[in-house]
Every structure is written in structure tokens, then in C-alpha cells.
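The exercises below concern a single protein structure. Please work through each task before reading its solution.

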Amino acid sequence: MIESPIFEPVQIGPVTLRNKIIRSAAFENMAYGNRPSQDLMDYHVAVARGGVGMTTLAYASVNRSGLSFDGQLWMREEIVPDLRRITDAIHAEGAKASIQLGHCGNMTHRATCGCTPVGASGGFNLYSPTFVRKLREDEILALVEDFGHAVDLAREAGFDCVEIHAGHGYLISQFLSPYTNHRHDSYGGSLQNRMRFMRQVITRVMEAAGTDMGVLVKMNMHDGFRGGMQQDECLEVARELERLGVHAIVLSAGFVSKAPMEVMRGAMPIRTLAHYMDMRKFWWLKALVRVGGHIMIPTVPYEDAYFFEDAKVFRAAVTLPLVYVGGMVSRASIEKVLDAGFDAVQMARALVHDTDFVNKLHSGEIERSGCRHSNYCIGRMYSLEMKCNRCMADLPRDLRREIDKAEQRWSH
């Protein structure tokens, strides 16, 4: 076995992980009907068996209004037994289990969430596309309680940790960012006001988590465009999260409705994205994506450890544990990040490509993932369950050409 700090235990609050690799909360689209499925269980158990310290079930909404996909988890009592089956199976493989909790805010549609979408401010959202209603203060306070209740359900379901999604342009991020928060009350204007909702949510979450659950928060280091949050304000958010007592911060960047590839890097596979879109819903949007997708979703160059320089600024600014995510596909890049003082790393695409990646890294069988960054899994996951293109035997010729072109451009 390879000797490396990667494979040493790490502490996240009251929870000890067997190593420093965490499967990030990348959307699986396997919660058919908004509840756990056998596919979701099989995937996360395979990742646990493959050697990670902890695996994270992606983006569970704290209530129905926060759902953006039919294949997304919705936290409610009736799914707890099925979630418990998943956590028990993950634990049996020696890994810890986490679940990401959040609310999509304005990035949904009535057909999915059952109501007029809500956000920090009202308006029209092209991402869905739909009109959006501004949340009232009583609704904001009810959402705070929904986050607390979701943590209670996560404990009942056997999760060791929760990860609160406060980045990427989802609801907490929509309150934080001046791009989406145009309020004139105590939740808008100054950064202190824009942090109010996050502060209320995290205070309630920490209360519900008690002394036996780890609490991570995913946040942006920048939104990725002018008019959004920049690094100076994001540093203040990180300091506030540290003051609130969270056990770790997951550092990311980007805004799904404005700068999606800032999050994931590389090119969005437009042909793949359009191919899997449901023609019955917004057929005109599918046609628009085919014609103008590369303009709508511009490429952001990929490189290993692509957030590293930004993340080092945050490492110097706070003392609590920091989890690095972004371009973790090789032992060399993971060790570089850990040597710079980060406590753990998260990854997804390497574990979509091969659920045994961590074990193979530990044994010395491989030095880096075979993922070549075509982003097929990303283009597909908005419509169907996330899969790597290497699992697909009979892809249409135009999709295969798109994959080959991207792999030639981004593989090292």
C-alpha cells in the first residue's frame, strides 16, 4: 500500500473519517420520484466499497418548493427508512455517510416544485424559465425551520454528517449574492444583511446537529462573474461560518444559472445536453440549446486542482477545517492540496468514472484517474441518471465525436 497523508484519518467535528477523500455532493439524478432508489444505493455503496472516507448523497431539498429535478431527494419522514438502508450499507463498507441539504430557490419550475418558484427577490429566471416570487419574512423563518427538521431526519436516517449548500446560486447563495438579492429589508443591502438568512439557517442547523453530527457548509469563493460576489465578500462569509461554529467549509465557486462551468470547468457537452432533454418540456429551449448553447454556457478551461490558488487565500484567512474540491484526479494533485494545509478533498468525476478509484490509488495500481473530462456525465445528469460515457456502448455518432474532441482537448 502507498504511504501518503491522503490515507490518514481526519476529523470533521465529532466524526472521524478513515481517510481524507470525500465523494462530493455531485447530483446523481437517481432519486426517482424524489425518493431513494436502488440505483442511488448501489452507487454510493460502490463508492464506499471503493475506499472513500465518506460519501455524500447529493442535494436533498429541505421541502418541496426547493426541488429542481424529479430525480432529486426531498427530505420527509416517509423516505427515512430507505435512507437508513443506504447509510447502513455505506457503514458496512467502512465509510461515513453525509447528505447535502439545500433549497434551489429560483432555479425550478411550478411543474417540479408545485408552486410559483421563490427566491431572495422576484423576477424572471431564464434558467427554468419561469417567473419567481420574493420570499416573505415569515416564509424565510419557516425555511430556517425546514433546514433544522431536515437535519433531524438525517440523524434518524443514520447520516454522520450534513453538508449545507450555501453556494452555486442556490437559495442561500441567492441571498448572499448582490446579483440575485435586491431586497430593501433586513435581508438585503449590506453584506451583513445578505448573510442574515445563512446565519439563521446555520444557527438552527448547528442546534439540530448537536454534539454527534458533523456539519459542513459548501460556499463560493467567488460567483464567477461581474455583479456577483467577489473574493473579499466571500472571505467575510467564511469568517462568519467559522464564528458560527461549523465543523468544515467546502470551498467552491460558480453560479449554476449564470456561470455553470466555473463550477465544473471544461466545456458543457452541448450535443449531449440537448440530446437527453425532454422534448415534451420546453421543446423550444432544447432547440435554442442546440443552436446557441456554446454562447449560453461558455467554456472555462480545465486544469487539475483548478481552485487551488483561490483556496489558498481562504486557508490563510480562517483556522477551521477546509475541504478542497475541484480537479482532484491524481495522487500528486491531492497531496499538493493536503500539503498546503487543507484537511480533506472532495471529488466526483473520478468516482463516476471508477468507483474503485481510491482503492486503486492506495494500492499503487494507478496514479491518476482515467477520467478525461469530456463532461458527458454532466450533460447527461440534467435529464437522466449520472453515468460515465465509458459505461455507454451505443452512443450516437455525434455524441461520440463530441466526447472524443473534449477528451483530446482536456486530457493530460
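The model is predicted, so local features require pLDDT of at least 70 and side-chain atom pairs count only at pLDDT 80 or more, while totals for chains, interfaces and linings use all residues. Residues are numbered from 1 along each chain as its sequence is written, and side-chain values use heavy atoms, with hydrogens and water left out.

**Exercise 1. Backbone angles**

Solution. Step three places the residues, with helices (H or I, at least four residues) and strands (E, at least two) taken as DSSP runs numbered from the N terminus. Ala 305 lies in the loop between helix 11 (283-296) and helix 12 (308-317), and His 373 in the loop between helix 15 (357-363) and helix 16 (376-381). Ala 305 counts as buried at 5%, and His 373 counts as buried at 3%.

**Exercise 2. The surroundings of Glu 163**

Task: Determine whether Glu 163 is buried or exposed, and identify the side chain with which its own side chain makes a polar contact.

Solution. Glu 163 is found in strand 9 (residues 161-166). With a relative accessible area of 0%, Glu 163 is buried. Next come its contacts (heavy atoms within 4.5 Å): not counting residues up to four places away in sequence, Glu 163 touches residues including Ala 25, Thr 56, Gln 100, Lys 218 and Gln 346. A polar contact is a pair of N or O atoms within 3.5 Å; within protein, one must be able to donate a hydrogen and the other to accept it, and residues adjacent in sequence count only if both atoms are side-chain atoms. Such a contact joins the side chains of Glu 163 and Gln 100 at 2.8 Å. Finally, Glu 163 and Gly 102 are 61 residues apart in sequence, and their C-alpha atoms are 8.6 Å apart in space.

**Exercise 3. A buried loop residue**

Task: Find the backbone oxygen that the side chain of Asn 34 reaches.

Solution. Asn 34 is located in the loop between strand 3 (21-23) and helix 1 (38-49). Its relative accessible area is 12%, so Asn 34 is buried. The side chain of Asn 34 reaches the backbone oxygen of Asp 70 at 3.2 Å. Beyond four places away in sequence, the residues touched by Asn 34 include Leu 67, Phe 69, Trp 74 and Ile 79.

**Exercise 4. Cysteines**

Solution. A disulfide is a covalent bond between the sulfur atoms of two cysteines. The criterion is a pair of cysteine sulfur atoms within 2.5 Å. A search of the whole structure finds zero disulfides. Cys 113 is buried, with a relative accessible area of 2%.

**Exercise 5. Enclosed space**

Task: How many cavities of 30 Å³ or more are there, and what lines the largest cavity?

Solution. On a 1 Å grid over the protein atoms alone, a cavity is a set of points where a 1.4 Å probe fits but cannot get out, and lining residues have an atom within 4 Å of a point. Grid points are joined across faces, edges and corners, and a volume is the space filled by probe spheres set on the points. The count comes to two cavities of 30 Å³ or more. The largest cavity has a volume of about 610 Å³. Of the 35 residues that line the largest cavity, Ala 25, Ala 26, His 168, Val 263 and Met 264 are the closest to its centre. The second largest cavity holds about 50 Å³ of space, and its lining includes Ala 166, Ser 173, Asp 223 and Cys 234.

How values were computed:
Buried < 20%, exposed > 50% of the residue type's maximum accessible area, 1.4 Å probe, protein only. 1 Å grid on protein atoms, 1.4 Å probe; cavity = no way out; pocket = protein on both sides within 12 Å on 5 of 7 lines; lining within 4 Å.
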